[in-house]
Amino acid sequence: MLDMEKIKELDSHWKEVMDLAVKYGFVRQAAGGTAVLLTHKNQLEAEGEEKYIYLQKGMNGIDVTLKEE
């Protein structure tokens, strides 16, 4: 038998986990309670620099470009 209360309690942390994943830029894809998370190194290798920059800004709200001085 499954402990459905325990499962419900664990799932109650989904938003907390996803907020952290977004904050630190690990979200590559997310929809309907499912997410694909990648390290930044893997994102950059898989997507290339231009798409990585675009996806970080769009998906996670993070600007990974160098600041002009």
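Reader: What phi does Gly32 take in the hairpin of β1 and β2?

Author: Strands (E, at least two residues) and helices (H or I, at least four) are DSSP runs, numbered from the N terminus; two strands pair if DSSP finds at least two bridges between them. In this hairpin, with two residues between the strands, Gly32 has a positive phi near 50°. The pairing of β1 with strand β2 (residues 34-37) is antiparallel, over four bridges, and Ala30 lies opposite Ala35 in β2. This is a predicted model, in which local features need pLDDT of at least 70, side-chain atom pairs count only at pLDDT 80 or more, and totals for chains, interfaces and linings use all residues. Residues are numbered from 1 along each chain as its sequence is written, and side-chain values use heavy atoms, without hydrogens and water.

Reader: In what order do the elements of the protein chain run from the N terminus on?

Author: The order is α-α-β-β-α-α, with four helices and two strands. The radius of gyration is taken over C-alpha atoms, and the globule rule is 2.2 Å times the number of residues to the power 0.38. Here the radius of gyration is 15 Å, well over the 11 Å that the rule gives for 69 residues, so the protein chain is more spread out than a compact globule. Its C-alpha atoms fill a box of roughly 60 × 25 × 20 Å along the principal axes.

Reader: Is Asn60 buried or exposed?

Author: Buried means under 20% relative accessible area, exposed over 50%, and partly exposed in between (1.4 Å probe, protein chains only). Asn60, in helix α4 (residues 49-60), is buried because its relative accessible area is 9%. Contact means heavy atoms within 4.5 Å. Beyond its neighbours within four places in sequence, Asn60 is in contact with residues including Gly25, Phe26 and Arg28. Gln56 is also placed in helix α4, and it counts as buried because its relative accessibility is 0%.

Reader: Where is Glu68 found, and is it buried or exposed?

Author: Glu68 belongs to the segment after α4 and counts as exposed because its relative accessibility is 80%. From C-alpha to C-alpha, Glu68 and Arg28 are 27 Å apart in space and 40 residues apart in sequence.

Reader: How exposed is Phe26?

Author: Phe26, in the loop between α2 (14-23) and β1 (27-31), is partly exposed because its relative accessible area is 32%.
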